[in-house]
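Please keep the sequence and the model in view while reading.

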Amino acid sequence: MSADKDRWIHTPPRESATFDRHTIAEIHRAAATGIYDIRGFGAKRKLPHFDDLLFLGASISRYPLEGYREKCGTNVVLGTRYAKTPIEIKIPITIAGMSFGSLSAPAKEALGRGASAAGTSTTTGDGGMTEEERAASTLLVYQYLPSRYGMDPDQIRKADAIEIVIGQGAKPGGGGMLLGQKISDRVAKMRTLPAGIDQRSACRHPDWTGPDDLEIKILELREITKWEKPIYVKVGAARPYYDTALAVKAGADVVVLDGMQGGTAATQDVFIEHCGLPTLAAIRPAVKALTELDMHRKVQLIVSGGIRNGADVAKALALGADAVSIGTAALIALGDNHPRWEEEYAKIGTTAGCFDDWHEGRDPAGITTQDPELTKRLDPVEGGRRLANFLSVMTLECQTIARANGKSHVHNLEPEDLVALTIEAAAMAQVPLAGTDWIPGANSR
Amino acid sequence: MTASNPKSTPTADGKRNTTLDLAASSLRDINEILQSAEGGEFRVVNPRGAHALAAGLEGDVDVTIDGHVGYYCGGMNKKARISINGNAGTGVAENMMSGRVHVRGDASQSAGATGCGGLLVIDGNASARLGISLRGLDIVVRGSIGHMAAFMAQAGNIVVLGDAGEALGDSIYEARLYVRGKVASLGADCVQKEMRDEHRRDLRRLLDAAGCGPEVLVDDFKRYGSARRLYHFHIDNIGSY
């Protein structure tokens, strides 16, 4: 009787929706340290995403294609606008730019091996190109970044394409900081800085400002590479309609659009979670800009930020992308956050599935580290095989969906194949809410 | 690929001296000739402010440009010796790897940005962000320079015979700065440093290489560089950011 009576006197503990446990813990952490939280990975908050879209599949008006029998093409040609030597990838999935420095040398090699086995490209990052990466990558895109760490015209000439990085989805408008504990002698030498110091990566390019200057910068890069190589322009998803239009105006062959779920090696948590657009919201404005300029499929669009499986790939392509790019998912395929390291994750205060302190250089999986002992844990051959497997699965999944929607090439997927599960996703993707013909915000920019 | 009407005449030492006319040939054609040359002397006439002129050169060539040039002249240069008889636009000799670029007039913003090696000489003044993110290139400016010079400069030397604008050497790493005139202000983590004999020798070498005569005295310069207080992010330095 007494216990039953108490039940009506004391309400059960109730967590605040506003001040939830994570928020309270962060206030405690900030109060104790006086500094914001820095971490890797991408946005972790729940966002409207590809999961909020569904494909309709075939029906009386749409013929499906036979699985395992009828061909469904997946190749993509990038750089057809101006480059004398466009590159062709066999699958519509590329590996995003990640630096040697933030990643170990074996990890970079594994990315190259996996991408090459799957017939696609990988991408350098801050600090320039390593020999292992070039040797392991059949198709290698050279990132031209604001910091210009390691920038060498000979490396540009060795690359298969050039990607001018304006920003990235995890932190549009932000630079970077590679903390001293990851600055080995080799990383320091490549970046012309003393070993062991924090290395700031600039947020703006040092020798150009604005779209008119960008046009001249692209001209210079084309002149230096004899107009042979495709030139990409990568932007974080902020103002995708205008940024895409300006990139086209500046002369880009390819636009890379990175949504806020895109990963980063190290950035303030507040930046990752509170800046930029979700990938889902960024694609249609970019495609609209390309279409209005009569450049859709002439200037290729690569979308990245939270691509995890073949369904995400298919949905991005249906919304108008020519290809997608993966970074975080590729690292996970190599072994990041794998349960086999659970005991060691626990020692550094985290658990498999939540590890995001990529900047600290203590990665048990040997991927986001320069520690000589930890880096040995990743076998680049085995890592490359795992990545190639993952890319193969994603491609097969994408083809499965494309065939079910009657497409003989993944590029034939279209917005009309999609519906949305939420009003927000319907508005962002500009497809009807499931079971209705209502597209919220249709005919607005 | 050849430029239309390139005029080539023998020089006294037997090298070919080729004249390239940007009024008659395209930028691509002229750059192709310069980029493909392993040696020789070239004179480019009627540059008319062209961008990316003589960018990406790799040969042991001498190039003289008669007139003003636009952005990125001599960009990413290796080995070549480029002389500009005029003013230069933004980013002259940006990311230069080796060789020599000489601007006889003034230079616009970001001259020598991210340069890795070689020598950039500017006879006139240079605008903002000279030597930004410098990585080993040496720069000598006979005139004055604008604001934010040597921002985040990592390695290399900058010598200024005139004055320097505001925020000189902001967030500088290991580059060395020598200024003869006034410095409007120093940027975050940039301080005046002792001029030791090694620095005097180095400065003299740079002045000689730039063609400055003995009347330019090393002892008239002051040296600036990094206090190295911001090399590791620390909350106590937050006021500097």
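The crossing of helices H11(A) and H15(A) is right-handed; a crossing is called left-handed if the near helix is turned anticlockwise from the far one by less than a right angle, and right-handed if clockwise. Helices (H or I, at least four residues) and strands (E, at least two) are DSSP runs, numbered from the N terminus. This is a predicted model, in which local features need pLDDT of at least 70 and side-chain atom pairs count only at pLDDT 80 or more, while totals for chains, interfaces and linings use all residues. Residues are numbered from 1 along each chain as its sequence is written, and chains are lettered from A and ligands numbered from 1 in the order in which they are written.

On the side of H11(A), the contact is made by Gly310(A), Ala311(A), Val313(A) and Ala314(A), and the residues contributed by H15(A) include Val393(A), Leu396(A) and Ile401(A). Two residues are in contact if their C-beta atoms, placed from the backbone, lie within 7 Å. The residues of this contact comprise nine nonpolar, three polar and one charged, where Ala, Val, Leu, Ile, Met, Phe, Trp, Tyr, Cys and Pro count as nonpolar, Asp, Glu, Lys and Arg as charged, and the others, Gly among them, as polar.

H15(A) also meets H3(A): their axes come within 7 Å and cross at roughly 40°. H3(A) is thus oblique to H15(A), and the crossing is right-handed. Among the residues in contact are Ala107(A), Leu111(A) and Gly114(A) of H3(A), together with Gly384(A), Leu387(A) and Leu391(A) of H15(A). By class, this contact has 11 nonpolar, four polar and two charged residues.

The description now turns to the sheet. Eight strands of chain A form an open sheet in the order S5-S15-S14-S12-S11-S8-S7-S6, with parallel pairing; two strands pair if DSSP finds at least two bridges between them. Strand S5 (93-95) and strand S6 (121-123) of chain A each have a single partner strand, so they stand at the edges and one side of each is left without a neighbour in the sheet. On average, neighbouring strands are turned by 30° against each other, direction ignored. Within the sheet, S7 (residues 139-144) and S8 (residues 161-165) of chain A run parallel and are joined by four bridges. In S8(A), Glu163(A) is the bridge partner of Gln143(A). Helix H3 (residues 105-118) of chain A packs on the sheet and touches S5 and S6 of chain A, its direction making about 160° with that of S6(A).

A further helix pair in chain A consists of H8 (residues 240-250) and H10 (residues 279-292), whose axes come within 7 Å and cross at roughly 40°. These two helices are therefore oblique to each other, and the crossing of H8(A) and H10(A) is right-handed.

Finally, the two chains meet: 34 residues of chain B are in contact with 21 residues of chain A. Helix H1 (27-36) and strand S8 (135-141) of chain B are the elements that give two or more residues to the side of chain B that touches chain A. H1(B) gives the most, with three residues. The predictor gives the complex an ipTM of 0.94 and a pTM of 0.94.

Technical notes. Axes are lines fitted to C-alpha atoms, for helices over the stretch in contact, and angles run from 0 to 180 degrees between N-to-C directions. Angles under 35 degrees count as roughly parallel, over 145 as roughly antiparallel, 65 to 115 as roughly perpendicular and the rest as oblique.
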